[in-house]
Amino acid sequence: MADISAKLGKIRLRNPLILASGILGTEASMLKRVSEMAGAVTMKSIGPERREGWHNPAVLEYGYGLINAVGLPSPGYKEAEDEFKELKDIKTPLIASIYGNNVADFAEIAEHISKYKPDIIELNMSCPNKADGMLFSQNEDIASYVVREVKKFTKIPLSAKLTPNCKDIVAIAKAVKRAGADFITAINTVGPGMIIDINAKKPVLAYKKGGLSGPAIKPIAVRCVYDIYENVRIPIIGTGGVMAGKDAIEMLMAGASAVGIGSAVYYRGINVFNKINDEIKAWMIKNNVDSLKQIIGKAH
Ligand code: RRO
């Protein structure tokens, strides 16, 4: 029997696949559908105030993955109640993602949304598409300050979502763990990058630059997860370029406790969760593996 149940700390997941933040926008009905297949679902990052995001084109497939500059669209945390209400009765753990323009925003939003009792609050300290450039998770002191402040205002377990675009992701991981993070989500998109349409003679994205995701970034995500697992005792949601069961197994072997699914929804449709779970099970049966515990961290 191939048992694909997973654990994130004390939180039990019926399978290791977690819908990554932002993939299905702020539409709760789509998250609900995914919650019937995935191990857990993550909401689009909720920000301090209403924001429309950047103009279209905001997402483009470029042959090796996606490039996006969606631009943090959000109704603002004070308007998030309806979305939480609609997601109240889902049968899988709910991860609420939040971002702020400053540390006080993170704390205020976390405190406010805690009343909706998400299972985890993911701190998006790593969006590459902010106009002011600096990411909270590019600096150990700032990253740990965010986590420490948020912890004063909520008892809900926290996951720090990190950027690979930093000097030393292990140092950042150590800092957020010391500050009290319960989990790490690694990684957000890589870059920003740029794609130029040579006929139009200009960048294809309206915002010009954007974060890279999909198959091209999987080796970067796997390396980040591997390095964090090797050096920090903290459950990791390994995210980045997982398209198929074999990629998910690779991520688990690198040390992830659960696996984020983002761009794969674009490539393989919303049923990708069932497809990848079936592929994981088939691999386990073929390789005489009974449970995911037997493969997590096995590449070390
Ligand atoms: O909304 C976005 O443009 C966005 C976000 Br918040 C993020 O965290 N990562 C990303 O690639 N895009």
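Which strand is Ser97 found in? Ser97 belongs to strand β7, which runs over residues 94-98. Before going further, bear in mind that this is a predicted model. There's a ligand to look at too, and the space it takes up is the largest pocket.

**Who's around the ligand**

**How the ligand is held in contact**

- Lys44 puts a polar side-chain atom 2.8 Å from an oxygen atom of the ligand.
- With Leu72, it's a polar backbone atom that is 2.8 Å from a ligand oxygen.
- Thr189 takes part through its side chain, where an N or O atom is 2.6 Å from an oxygen atom of the ligand.
- On its own the ligand has 310 Å² of accessible area, and the protein covers 93% of that.

- Is Ser97 buried or exposed? Ser97 counts as buried because its relative accessible area is 0%, and the cut-off for buried is under 20%.
- The side chain of Ser97 has a partner: a polar contact of 2.6 Å links it to the side chain of Ser45.

**Met253, in a helix**

- You'll find Met253 in helix α7, which spans residues 245-254.
- Why is Met253 called partly exposed? Its relative accessible area is 25%, and partly exposed is the band between under 20% (buried) and over 50% (exposed).
- Along the sequence, Met253 and Val225 are 28 residues apart, while in space their C-alpha atoms are 9.5 Å apart.

**Pro215, in a loop**

- Where is Pro215 found? Look in the loop between β14 (209-213) and α6 (218-231).
- Pro215 has a relative accessible area of 37%, so it counts as partly exposed.
- Pro215 and Asn15 are 200 residues apart in sequence, and the C-alpha to C-alpha distance between them is 22 Å.

Note on methods. Residues are numbered from 1 along each chain as its sequence is written. This is a predicted model: local features need pLDDT of at least 70, side-chain atom pairs count only at pLDDT 80 or more; totals for chains, interfaces and linings use all residues. Side-chain values use heavy atoms; hydrogens and water are left out. A polar contact is a pair of N or O atoms within 3.5 Å; within protein, one must be able to donate a hydrogen and the other to accept it, and residues adjacent in sequence count only if both atoms are side-chain atoms. Accessible areas come from the Shrake-Rupley method with a 1.4 Å probe; for residues, only the protein chains shown count as cover. On a 1 Å grid over the protein atoms alone, a cavity is a set of points where a 1.4 Å probe fits but cannot get out, and a pocket is an open set with protein on both sides within 12 Å along at least five of seven lines; lining residues have an atom within 4 Å of a point. A molecule sits in a cavity or pocket if more than half of its atoms lie within 2 Å of its grid points. Helices (H or I, at least four residues) and strands (E, at least two) are DSSP runs, numbered from the N terminus. Buried means under 20% relative accessible area, exposed over 50%, partly exposed in between (1.4 Å probe, protein chains only).
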